[in-house]
Amino acid sequence: LSDEGYVKVRVGVEHPLADPNGYAYEHLVVWCAAGLQPPGEGKTLHHRNEDKTDNRLDNLELLTRGEHNALHIAERGRRTNGQFEKAAGRLLDGIEHNGFPS
């Protein structure tokens, strides 16, 4: 697994998706093996069920980075009406500081 939790597979250094050590992300290999183009500039593959090790083609979806970020923000409930619901790191002196500065 990569540091981010994605599965990497050995494909050889000659493979177009390979890193310098000959490994590639499995979800990219699966996507391209299905005849689909690798994500271009500003695009990313999203794991629909949020399991980065579930690289079945029907679990992968091509999104723009903006769509992907918005999806994760909505799923995690990070911001609602200008307030942060999950305030990791926003606790100071026993008080949660969730609002935006005025």
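In this talk, a residue is called buried when its relative accessible area is under 20%, exposed when it is over 50%, and partly exposed in between, with a 1.4 Å probe and protein chains only. By that rule S2, at 12% relative accessibility, counts as buried.

Good morning. The model before you is predicted: local features need pLDDT of at least 70, side-chain atom pairs count only at pLDDT 80 or more, and totals for chains, interfaces and linings use all residues. Residues are numbered from 1 along each chain as its sequence is written, and side-chain values use heavy atoms, with hydrogens and water left out.

Let me begin with the overall layout. The protein chain contains two helices and six strands. Here helices (H or I, at least four residues) and strands (E, at least two) are DSSP runs, numbered from the N terminus. Read from the N terminus on, the order is β-β-α-β-β-α-β-β. The chain has 102 residues, and 24% of them count as buried. It exposes about 7200 Å², of which carbon and sulfur atoms supply 50%; accessible areas come from the Shrake-Rupley method with a 1.4 Å probe, and for residues only the protein chains shown count as cover. By contact I mean heavy atoms within 4.5 Å. Among contacts with a separation of 6 or more, 19% are between residues 24 or more positions apart.

I turn now to the start of the chain. S2, the residue I opened with, is placed in the segment before β1. Which residues does S2 contact, once its neighbours within four places in sequence are left aside? They are K8 and Y25. S2 and Y25 are 23 residues apart along the chain, and their C-alpha atoms are separated by 8.5 Å.

The partner is Y6: the ring centres are 5.9 Å apart and the planes stand at 80°, so the pair is edge-to-face. Because Y6 lies in the segment before β1 and Y25 in strand β2, the pair ties together parts that are 19 residues apart in sequence. Y25 itself is partly exposed, at 27% relative accessibility.

With a relative accessibility of 16%, V7 counts as buried. Beyond its neighbours within four places in sequence, V7 has contacts that include A24, T53 and N55. V7 and T53 are 46 residues apart in sequence, yet 5.8 Å apart in space, C-alpha to C-alpha.

Next, helix α1, which covers residues 26-33. Its buried residues are H27, L28 and W31. Where do they lie on the helix? Seen down the axis, they fall within an arc of 100°, so they line one face of α1. That arc is taken over the directions from the helix axis to the C-beta atoms. These residues pack against β2 (23-25), β3 and β4. Just after α1, G35 takes a positive phi of about 90°.

Finally, consider the loop between β3 (43-47) and β4 (60-64), where N55 is placed. N55 is buried, with a relative accessible area of 7%. Its side chain is joined to that of H47 by a polar contact of 2.7 Å. A polar contact is a pair of N or O atoms within 3.5 Å; within protein, one must be able to donate a hydrogen and the other to accept it, and residues adjacent in sequence count only if both atoms are side-chain atoms. H47, found in strand β3, is buried at 5% relative accessibility. Leaving aside neighbours within four places in sequence, the contacts of H47 include Y6, H27 and N59.

N59 is in the loop between β3 and β4 as well. Is N59 buried or exposed? It counts as buried, at 3% relative accessibility. The side chain of N59 makes a polar contact of 2.9 Å with the side chain of N49.

Thank you for your attention.

Methods. Rings of Phe, Tyr and Trp (its six-membered ring) pair if their centres lie within 6.5 Å; planes under 30 degrees apart count as stacked, over 60 as edge-to-face and the rest as tilted.
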